[in-house]
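Please read them with the structure open beside the text.

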Amino acid sequence: MLYYSTTQGTARFSLLPRPCEEAFWFILPVIRPSNMSNMFVYDFPLSPKARTYLKFEAIFKRVQDCAEVKTEAETMCLMRGLVDFIDLIDGSGALKIDIGKDLDKLKQKLLAWQSYPDADAGLLQELLEQISTSHQALNTFTRQRTVLQNDPVMESIKPRFLTPAGVNDFDTPLFIFWTHLSHEEKMQSVSKWVRELDCIRIPVQTILKLWRLCSDYQTRVATNGFMQETSEPCELIEIKYPQHVRGYPVVSGFQSNINVRFLPYTKGAPVGDITFELAYVRGGIG
């Protein structure tokens with residue numbers, strides 16, 4: 001049976017539920033590390049914008065984890081992340097406008113909070129400075145990321161990821177030559193490439209940080225592995241549960257309904273009542 005006892009999550013500021021606005025979503029999760037030991041945290045986007053933000057977040061983490069390029073695996077992971085960044089940028093038409101609007105909404109709310117007598121002035125100022133830094137980074141964004149798109153090494157490897165075993169001596173000789181340069185020389189290229197991500201990385205990470213900061217976890221029970229409830233609109237939800245549970249959550253949504261179903265890792269295994277923590281993450285703070 002998939003089962004564990006109730007574990008209270010760590011509360012953040014306040015529960016700010018908002019339901020899904022799209023007609024229908026069947027969503028696979030983005031998993032990220034939890035601040036609590038032995039816990040899984042799954043992010044499920046409930047809007048196209050949140051889906052894009054979470055994809056960027058996954059790319060930035062992958063690039064950060066592999067940026068030292070000390071092994072062949074790290075090098076390939078880094079290049080895959082950079083190529084994914086370019087492709088995601090190309091496929092996001094109003095990306096800069098959407099990010100700018102979200103930053104402005106967050107800034108206006110924080111400015112309004114400054115008039116509250118019990119507000120933490122130091123924290124508000126710190127968050128406002130992060131938003132200002134994010135705006136500055138976003139202003140450097142152009143759809144033609146010339147450093148990435150015009151770099152000969154990146155140009156040679158980008159199309160090869162579409163081909164099985166496309167990275168090899170005879171199809172990508174320039175890239176193979178680059179991998180045999182000294183580590184110091186390779187890091188000069190890597191630093192130049194990674195800096196190109198900052199125009200999106202800094203604002204997207206700021207937005208997701210503030211969105212999550214103003215949500216908190218509430219205990220839910222998936223009876224026989226299934227839970228359904230209605231909420232107000234939200235950009236994404238987070239599900240947290242202990243790692244010893246031998247199953248994983250899948251979310252589907254229709255209008256204002258959210259369904260959470262835990263599936264067993266071992267196909268055909270029975271699923272019992274699953275207690276988990278659920279947070280609604282809205283597109284703003286308040």
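1. Leaving aside its neighbours within four places in sequence, with which residues is Asp102 in contact? They are Lys49, Tyr53, Ile207 and Trp211, where contact means heavy atoms within 4.5 Å. This is a predicted model, in which local features need pLDDT of at least 70 and side-chain atom pairs count only at pLDDT 80 or more, while totals for chains, interfaces and linings use all residues. Residues are numbered from 1 along each chain as its sequence is written, and side-chain values use heavy atoms, with hydrogens and water left out.

2. Asp102 is placed in helix α3, residues 95-113; helices (H or I, at least four residues) and strands (E, at least two) are DSSP runs, numbered from the N terminus. Asp102 is buried, with a relative accessible area of 2%, where buried means under 20% relative accessible area, exposed over 50% and partly exposed in between, using a 1.4 Å probe and protein chains only. The C-alpha atoms of Asp102 and Val204 are separated by 9.4 Å, although these residues stand 102 residues apart along the chain.

3. Strand β3 is largely enclosed by the rest of the structure, because six of its seven residues are buried. Seven bridges join β3 to β6, and the two strands run antiparallel; strands pair if DSSP finds at least two bridges between them. Within this pairing, Phe44 stands opposite Ile237 in β6.

4. The structure holds twelve aromatic pairs, counted when rings of Phe, Tyr and Trp (its six-membered ring) have centres within 6.5 Å, with planes under 30 degrees apart taken as stacked, over 60 as edge-to-face and the rest as tilted. One of them is the stacked pair of Tyr42 and Tyr241, at 6.0 Å centre to centre and 10° between the planes. This pair links distant parts of the chain, since Tyr42 lies in β3 (residues 39-45) and Tyr241 in β6 (residues 236-242), 199 residues apart.

5. Asn259 lies in strand β8, residues 257-264, and is buried, with a relative accessible area of 16%. The side chain of Asn259 makes a polar contact of 2.8 Å with the side chain of Gln228; such a contact is a pair of N or O atoms within 3.5 Å, and within protein one must be able to donate a hydrogen and the other to accept it, with residues adjacent in sequence counting only if both atoms are side-chain atoms.
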